[in-house]
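Subject: Structure handover

Hello,

Here is the structure I said I would pass on. My notes on it follow below.

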Amino acid sequence: MKKYIFFLFIFFCHQQIFAQNQRFIYEYTFKPDTLNKQNVIKEIMNLDISKEGSNFYSALLLDKDSIFNAQLEQGKKTGTTILDARKIKKSQANFIVSKKYPNFETVLHTSFNALNLAVKEDKTIKWEIIAETKTIEGFKVQKAITNFVGRNWIAWFTNDIQLQDGPYKFSGLPGLILNIEDENREHIFNIAGIKKQYSTTLMNRGKETNVTESKFNQLWNEYKKDPAKNIKIIHHSSEMSDTLFYDSNTGNPLTKQNLIRNKEEGDYKYFKQHNNFIELNLYK
């Protein structure tokens with residue numbers, strides 16, 4: 001695991017509010033497949049906090065934005081812009097969670113099958129604070145438990161950092177959550193470092209559709225049933241009837257049947273290997 005420097009922590013102790021933007025870095029460890037618990041994925045996540053609210057997302061998204069920005073700048077110089085996604089390491093944590101202060105209005109931003117969706121969280125996290133304490137990276141932390149998004153969670157928060165926030169959707173404790181994991185240890189968020197200031201922000205993710213949890217679940221199950229549905233619709237369009245598609249690896253043209261088959265095979269493989277989502281209620 002990449003190590004992050006913790007000497008900045010001392011500057012944050014006992015502060016009620018931060019005068020500038022802060023980035024809390026977490027390592028997210030998760031097991032995507034319930035039938036293959038040996039497959040463990042680790043990804044570095046950022047919790048960017050400002051006075052307006054926070055955003056929690058994979059650090060790889062910043063790398064993606066940086067590469068795309070460089071390609072756009074190069075395109076301005078040459079007159080031809082080529083956005084090559086093959087140079088980008090793909091995030092395995094396909095979501096962004098935004099929280100708006102002071103009410104902690106929480107929204108999950110995610111996408112599948114060319115849909116950008118925003119799901120507002122309408123449930124309040126009910127915490128039970130336990131007297132048990134320990135130390136994490138020099139901070140005294142206290143235990144709290146909850147049942148949320150279909151899982152039982154154990155959290156450790158510190159009163160030394162007076163922010164009622166934490167990784168993913170978690171918030172509402174009297175201090176920043178430094179560690180939280182579900183009881184089966186299938187999804188674990190652990191503090192890995194802090195940056196005193198940050199200036200890099202995520203690019204616009206494009207137009208989103210606001211949906212309820214039940215609508216999201218409906219769309220997800222429709223996608224699992226027929227993952228190539230959108231391609232079939234496009235190919236039935238008169239405007240697309242003569243359009244040629246090419247294999248990004250070989251450069252060879254793809255027939256309609258090839259395109260549909262590749263989409264179905266790739267997505268069915270993904271469904272099989274990714275069945276242990278953090279939110280059991282959302283992807284049921």
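How much space lies in the largest cavity? About 40 Å³. Please keep in mind that this is a predicted model.

The lining of the largest cavity consists of Val 119, Lys 120, Glu 121, Lys 123, Lys 169, Glu 213, Glu 279 and Leu 282. Sorted by class, six of these lining residues are charged, two are nonpolar and none is polar.

As for the chain overall, there are 284 residues, and 44% of them count as buried. The secondary structure comprises four helices and 14 strands. Among contacts with a separation of 6 or more, 58% are between residues 24 or more positions apart. The chain has an accessible surface of about 16400 Å², and carbon and sulfur atoms hold 50% of that.

The aromatic residues take up the rest of this note. The count of aromatic pairs is 25. One of them is Phe 216 with Tyr 283, an edge-to-face pair with 5.3 Å centre to centre and 85 degrees between the planes. This pair links distant parts of the chain: Phe 216 sits in helix α2 (residues 213-225), while Tyr 283 belongs to the segment after α4 (256-273), and the two are 67 residues apart. Phe 216 and Tyr 283 are both buried.

A second pair to look at is Trp 220 with Phe 271, also edge-to-face, at 5.8 Å centre to centre and with 80 degrees between the planes. Trp 220 is in helix α2 and Phe 271 in helix α4, so this pair ties together parts that are 51 residues apart in sequence. Trp 220 has a relative accessible area of 4%, so Trp 220 is buried. Phe 271 counts as buried because its relative accessibility is 11%.

There is also a cluster linked by ring pairs. Its members are Tyr 26, Tyr 28, Phe 30, Phe 56, Phe 95, Trp 127, Phe 148, Trp 153, Tyr 168, Phe 170 and Phe 189.

Regards

Definitions and conventions
Residues are numbered from 1 along each chain as its sequence is written. This is a predicted model: local features need pLDDT of at least 70, side-chain atom pairs count only at pLDDT 80 or more; totals for chains, interfaces and linings use all residues. Side-chain values use heavy atoms; hydrogens and water are left out. Buried means under 20% relative accessible area, exposed over 50%, partly exposed in between (1.4 Å probe, protein chains only). Contact means heavy atoms within 4.5 Å. Accessible areas come from the Shrake-Rupley method with a 1.4 Å probe; for residues, only the protein chains shown count as cover. On a 1 Å grid over the protein atoms alone, a cavity is a set of points where a 1.4 Å probe fits but cannot get out, and a pocket is an open set with protein on both sides within 12 Å along at least five of seven lines; lining residues have an atom within 4 Å of a point. Grid points are joined across faces, edges and corners, and a volume is the space filled by probe spheres set on the points. Ala, Val, Leu, Ile, Met, Phe, Trp, Tyr, Cys and Pro count as nonpolar, Asp, Glu, Lys and Arg as charged, and the others, Gly among them, as polar. Rings of Phe, Tyr and Trp (its six-membered ring) pair if their centres lie within 6.5 Å; planes under 30 degrees apart count as stacked, over 60 as edge-to-face and the rest as tilted.
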